[in-house]
Amino acid sequence: MQRGTFQLMKSVNKSIILNKIRTSESISRAQIAKETRLTPPTVSSIVKELMEQELVRESTLGHSSGGRKPTMLHINTDTFFVIGLDAGPETVEGVLTDLTGEILHRTSSLIEKPITNEQFISILKENIYTILKLSQIDHDKIIGIGIAMHGVVDIKSGTSLVAPILNLSNIPIKDELEEEFNLTVKVENDARAMALGESWFGGHGDVDSMVAVNIGRGVGAGIVINGRLYHGAQGIAGEFGHMTIDINGELCECGNLGCLQTFVSGSAIAERAAKQIKDNGSGVTGKEVFELAQNGNQSYIDLLHETGKIIGIGLTNLIHLINPSEIVLGGGVMKSEELIMPAILETIKQRVLTTEARQTKVGVTGLGDEATLLGAVSLLLVELFDPVTKIG
């Protein structure tokens, strides 16, 4: 679907109706009019347009309390598709999904460092071309490409401003990919994309505010308010990993001392193990710390318990600042959930100010390793289904 076509599909009333059909799974025209307070002729006209665009289909007749049975409407999930990429810092993962987020094709590439901006863009293009080749889907059936990029992103220009782990800056991702593929491209920070993906596909219902925290090679967060991402005045909202925990702490990749990331990222856990545990020898990876703890090594169990306590302190600050309805945790470090989560929850219980706020729902993503990829996909879906409201 070329960029101009995608823009024509978007209008306030059209998106209201399309989203109502999506969230209802099946609904009649009359019920749409009742629930949206749009006039029946307006609903009928827009539904006709949506069906002509093949975004909506009719099903067998629904139930009736009397009179003619209504025709039910559904999203036509297998007519349009989205490409999503989880870009860096160690791999580029790609998927093609339908409008429900069902993954139809996958691709993956390793990122070898050092790497230039041009080489990084080439890897993105190669993955997209691979997906197009695997799927053999008509180009006009793809509504766009979503990119979840680690580091700081300017969402308006679609530029990766700073990708610290790759040691890259000012990568013109949107411009390069739109020119190459003539598709709408949305670029977002990976943790924020993960948060949006959680709100769309994580089964959380209609929570009014949610924070998703990604703890892996780095640490980041995304804030979703009323279904929309919050970016902040200068676009850096959610840089949870760069919250200062210890003003005299270790030097972070960002240049500051004592960031949360220097305590709880995978590499930070490994470094703390090397310093704190005498029998560590030549050192272990974050994954090996978890495996040793699982096998009953008390030193490593204690280290992960301490990690959970530190994460809990960070989340306590987050609760005091934002007071979200729900916090969802993801990333490689949270694969140690059984050893880390009890300390996280206990710390929140001990430190959060009010009884009600101590009950903030905190859990690990049910989307697993797909969370960020589905977040990249949701960048396009939110524009199609709900481009009406905007939080900063």
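Two strands count as paired if DSSP finds at least two bridges between them, and strands (E, at least two residues) and helices (H or I, at least four) are DSSP runs numbered from the N terminus. On that basis, β5 (residues 91–98) pairs with β6 in the antiparallel sense over seven bridges. This is a predicted model, in which local features need pLDDT of at least 70 and side-chain atom pairs count only at pLDDT 80 or more, while totals for chains, interfaces and linings use all residues. Residues are numbered from 1 along each chain as its sequence is written, and side-chain values use heavy atoms, with hydrogens and water left out.

**The sheet**
- Five strands form an open sheet with mixed pairing, in the order β6-β5-β4-β7-β11, and its edge strands, each pairing on one side only, are β6 (103–110) and β11 (185–189).

**Nonpolar cores**
- A nonpolar core is a set of buried Ala, Val, Leu, Ile, Met, Phe, Trp, Tyr and Cys residues joined through side-chain atoms within 4.5 Å, buried meaning under 20% relative accessible area with a 1.4 Å probe, protein chains only.
- The largest such core has 38 residues, of which Ile17 and Leu99 touch the most other members, and α14 supplies its largest share, 10 residues.
- A second, separate core of 37 residues includes Val211, Leu260, Val284 and Phe290.

Note on methods:
Buried means under 20% relative accessible area, exposed over 50%, partly exposed in between (1.4 Å probe, protein chains only).
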